[in-house]
Amino acid sequence: MSLGNAKRRSASTAFLAATLIIMVVLVGLTAYSMYQVQVINRKLSDISSSVSNINSTVMSEVSSRLANESEYLGELLSQLNTSVSSQIAKIRGEVSNLEATIGFPVAIVDALNQTVYVPSMPHRIVTLDPASTEIVLAVGAAGQLVGVDNNSLVYLPPPFNYTINRLYQNGSVASIGSTWSSPCVEAILALRPDLVIGAAGWGYDDYIASVLSQYGIPVLLLPSSSSLSDVYKSIIMVGEATGHVKEAVSIVENDSAIVDSLESRLQGLPEVRVAIIAWVNPTYVAGGGTFQDDLITLGGGVNAFANSSGWPVVTAEELLEANPQVIILMSNGGLFNESYLIQWLNSSIGPAYKNISAIASGRVYLVEGWYESVLSEPSVLVPYGALLIAEILHPQAFNISSLPSVISPSTLGVPGVNLEGGPA
């Protein structure tokens with residue numbers, strides 16, 4: 001073998017050995033790399049899991065905080081809305097008070113032709129009779145009322161009876177006792193009123209005004225009993241004196257619209273002669289120059305006692321002579337009924353009472369409940385009294401086929417009146 005071949009063989013062997021070594025090294029490196037890759041992958045997996053946990057924790061925390069913040073913001077917004085509403089209500093109240101205050105002082109000529117001076121908006125009002133109380137409540141001055149006569153606690157129609165009873169029960173309003181004969185001055189003074197309101201013609205007119213004026217208390221007496229026009233004047237006067245002119249004007253406009261509508265409805269119908277009996281034995285009837293006389297006319301009737309003034313006492317003979325076609329009898333809280341009336345007539349003139357047209361034709365109607373107040377109190381609901389009389393005198397105009405002998409809110413509805421509580 002030549003030296004060259006020996007060298008080539010030796011070189012080839014060395015190359016193979018080197019190649020083998022390299023391959024072993026590469027295999028080792030590859031195995032190591034794979035291990036490192038696995039380690040890295042495991043670390044990446046752990047990191048990814050940690051990141052996922054962190055994200056979950058962070059999102060949960062963020063969501064919780066957002067929910068809390070949202071709830072907090074909601075509460076804050078609600079409080080803000082309440083606060084804003086309260087502020088708006090307060091501002092409106094201040095504006096209303098300002099409007100009322102701007103209208104003072106006022107000087108009003110009352111039913112006695114006396115000028116009553118009200119220096120500022122009154123906040124402690126006392127009323128002397130149901131009609132005056134009703135008007136004060138109707139114009140929106142309930143919050144200014146501190147005292148009423150005891151009849152106002154009994155005879156007011158709804159919804160005013162609910163209001164006055166609530167005020168009385170919670171202590172906002174006190175009773176000054178009966179004012180049929182004369183009011184109790186001490187009870188009035190104890191309430192420290194800055195305005196006293198009553199209807200003229202009750203017998204206490206000059207007395208109460210003169211006594212209270214000595215204490216600097218203005219007394220406003222209302223001309224509410226002679227006509228429907230007087231009732232309207234009374235409403236406006238109370239509105240001026242209490243700072244509620246807008247409300248008073250609105251009431252008068254509404255009442256006038258009811259009257260206008262009634263006149264159109266009854267146009268062309270024959271007039272019916274009617275007597276309104278307020279009390280039996282002595283027998284008081286509604287005469288001329290009363291708001292009831294106006295109601296009879298508006299209701300399509302003629303007052304059988306129009307030639308007498310005020311509320312005269314009549315005899316059984318005079319009732320027979322007047323010969324009303326319809327008799328409207330006030331029950332006075334259940335004191336009277338048709339049988340009571342007939343007993344009185346029979347004891348006075350005997351069987352002749354049967355010749356009275358209303359009795360012969362069965363047209364005697366007993367008025368009960370708060371309908372009595374509508375027909376007897378010169379106040380804001382008097383147009384509904386005209387409607388009630390119109391239904392009694394002309395039931396056909398209201399599609400009433402059978403009229404009950406007892407007229408009450410539960411037996412006969414009045415157009416525009418909610419049976420459960422006054423005007424609809």
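The legends below walk through several close-up views of a predicted model.

Residues are numbered from 1 along each chain as its sequence is written, and side-chain values use heavy atoms, with hydrogens and water left out. In this predicted model, local features need pLDDT of at least 70 and side-chain atom pairs count only at pLDDT 80 or more, while totals for chains, interfaces and linings use all residues.

**View 1. Welcome to the largest pocket, with about 1,100 Å³ of space.** A pocket is an open set of points on a 1 Å grid over the protein atoms alone, where a 1.4 Å probe fits, with protein on both sides within 12 Å along at least five of seven lines; lining residues have an atom within 4 Å of a point. The volume is the space filled by probe spheres set on the points, which are joined across faces, edges and corners. Look for Trp 180, Ala 278, Asn 332, Ser 376 and Glu 377, which lie nearest the centre among 36 lining residues. Elements giving two or more residues to the lining include α2 (130–138) and β8 (272–279); α13 gives the largest share, 4 residues. Helices (H or I, at least four residues) and strands (E, at least two) are DSSP runs, numbered from the N terminus.

**View 2. Here is a nonpolar surface patch that includes Tyr 284.** Areas come from the Shrake-Rupley method with a 1.4 Å probe, and only the protein chains shown count as cover. Tyr 284 sits in strand β9 (residues 283–285).

**View 3. Two prolines follow cis peptide bonds.** The bond from Pro 158 to Pro 159 has omega near 5 degrees, and Pro 159 lies in the loop between α3 and α4 (160–169). From Asn 281 to Pro 282, omega is near 0 degrees. Most peptide bonds are trans.

**View 4. Asn 323 and Asn 399 each have a positive phi.** Phi is about 45 degrees at Asn 323 and near 55 degrees at Asn 399. Asn 399 is exposed because its relative accessible area is 74%, where exposed means over 50%, buried under 20% and partly exposed in between (1.4 Å probe, protein chains only).

Methods
Patch = residues over 30% accessible without salt bridge, like charges linked within 9 Å, V, L, I, M, F, W, Y side chains within 5 Å. Salt bridge = Lys/Arg side-chain N within 4 Å of Asp/Glu carboxyl O.
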